[in-house]
Amino acid sequence: MDPSSPSVQEPPAVVAQGLTRKFGTRVSVDNLNFSIAPGELYALLGDNGAGKTTTISMLTTLLAPTSGDFQICGFSGVRQSEKIKAFFGVVSQDISLYNELTCYENLKFLAELYHLPKAAIAARINELLTSAGLQDRAKDRAGNLSGGMQRRLAIACALIKSPKVLFMDEPTVGLDPASRRQIWATLKELKKSGVAILLTTHYLEEAELLADRIGIIREGKLVAEGTVRELARKIHDLRGISFKLSEDVAVASAEIKAKLDRLAAALKVTVNLDPLRNTVYISQPEGTELSAYLRSIFDGLSAENIEFHTFATGEPNLEEVFLALAKSEAR
Ligand SMILES: Nc1ncnc2c1ncn2[C@@H]1O[C@H](COP(=O)(O)OP(=O)(O)OP(=O)(O)O)[C@@H](O)[C@H]1O
Ligand SMILES: [Mg+2]
């Protein structure tokens, strides 16, 4: 077995059972059931207000569930909430660091708080600073770091006690590509060492890249769950390619529309137009192979004499994913 793949023998690191939270009459998290194995990364994917932070707040004992329970490493989150704290680290959506302390001091403070063996503290801090790419910022105050660096320091802080479970609430929002990649690399290393990770994100791409399984949460409910491959198969139709047409041809003109209609019929693809961006979106139909699909589209555009100046592969947004999943469930 691939040592980096999640273990099937070990008991789950996280289990949510009917986890529910109401605020007044609003049900913000509605009967969630899922589990995460050691070494598995589970991405909870959802829009603003879907219930991601509320779920993490319950799993990290900041918020009591209205009903339901959960387990961390076999202990009940409701009945043994003090006990489970030893097992997890958390990186919250709003970063909490001691801004007046240096990077090194932030980590040292936590190491002492968690009673790490004194002799091991310096080496552990240096190891974490290096893996966060912050080794040369050890003496800088946390408050003076860039947003991306602060996020990386917050992750290092969550890891100081070598947790078995890591909760991360949108760890890469607002970060540049290099910082994101650095965090992704850290997560992959953690997975290899057997840490179970629950990550929330708005980004389908991020979930696909990192997660072993994805749960899609909408209005507090888990509306879909599966491996990345299972979900990707269901939303296959949504993948496609977009072409920004040359400025001298309007995508909404009758002539171009007629040409695109012909192309759509000949290739059995769906074509959508965005006049604002002067862009054509062409779906990749289920069962087609990418290279053959691309070739047929380029040939089709060339046969119809449609000039474009840029093209890109299209990622569906979450709304489109929900609709596609609902459609595939109904089939
Ligand atoms: N303390 C609270 N009191 C009342 N309502 C709350 C509270 N916390 C969260 N909610 C409500 O619960 C719902 C889910 O919020 P939550 O913060 O969990 O969403 P989210 O998925 O984390 O969104 P985002 O992507 O914006 O961070 C929202 O309707 C929110 O207004
Ligand atoms: Mg949130």
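**Close-ups of a predicted model**

The shell around ligand 1 divides into two nonpolar, eight polar and four charged residues.

**View 1. The surroundings of ligand 1.** Here we have 14 residues around ligand 1, with S28, G49, K52, T53 and T54 the closest. The top contributor is α1, which gives three residues.

**View 2. Polar side chains reaching ligand 1.** Zoom in on S28 and you'll find a polar side-chain atom 2.6 Å from an oxygen atom of ligand 1. T53 does something along those lines, with a polar side-chain atom 2.8 Å from an oxygen atom of the ligand. Then there's N48: an N or O atom in its side chain sits 2.9 Å from an oxygen atom of ligand 1. On its own, ligand 1 has 630 Å² of accessible area, and the protein covers 63% of that.

**View 3. A nonpolar patch on the surface.** Four residues make up this one: Y98, F109, L113 and Y114. Together they have about 390 Å² of accessible area. Y114 belongs to the loop between α3 (103–113) and α4 (118–131). Its relative accessibility is 35%, so Y114 counts as partly exposed.

**View 4. M149 in helix α5.** Look for M149 in α5, the helix that spans residues 147–159. With a relative accessible area of 19%, M149 falls under the 20% cut-off, so M149 is classed as buried. C103 is 46 residues away from M149 in sequence, yet their C-alpha atoms are 9.9 Å apart in space.

**View 5. H115, a loop residue with positive phi.** Most residues other than glycine have a negative phi. H115 isn't a glycine, but its phi is positive, at about 55°. You'll spot H115 in the loop between α3 and α4, the loop that also holds Y114. Its relative accessible area of 69% is over the 50% cut-off, which means H115 counts as exposed.

View 6. S162 has a relative accessibility of 47%, so the label here is partly exposed.

Definitions and conventions: Residues are numbered from 1 along each chain as its sequence is written. Chains are lettered from A and ligands numbered from 1 in the order in which they are written. This is a predicted model: local features need pLDDT of at least 70, side-chain atom pairs count only at pLDDT 80 or more; totals for chains, interfaces and linings use all residues. Side-chain values use heavy atoms; hydrogens and water are left out. Patches are made of residues with over 30% relative accessible area and no salt bridge: like charges are joined within 9 Å, nonpolar side chains (Val, Leu, Ile, Met, Phe, Trp, Tyr) within 5 Å. Accessible areas come from the Shrake-Rupley method with a 1.4 Å probe; for residues, only the protein chains shown count as cover. A salt bridge is a side-chain nitrogen of Lys or Arg within 4 Å of a carboxyl oxygen of Asp or Glu. Helices (H or I, at least four residues) and strands (E, at least two) are DSSP runs, numbered from the N terminus. Buried means under 20% relative accessible area, exposed over 50%, partly exposed in between (1.4 Å probe, protein chains only). A residue is near a molecule or strand if one of its heavy atoms lies within 4 Å of it. A polar contact is a pair of N or O atoms within 3.5 Å; within protein, one must be able to donate a hydrogen and the other to accept it, and residues adjacent in sequence count only if both atoms are side-chain atoms. Ala, Val, Leu, Ile, Met, Phe, Trp, Tyr, Cys and Pro count as nonpolar, Asp, Glu, Lys and Arg as charged, and the others, Gly among them, as polar.
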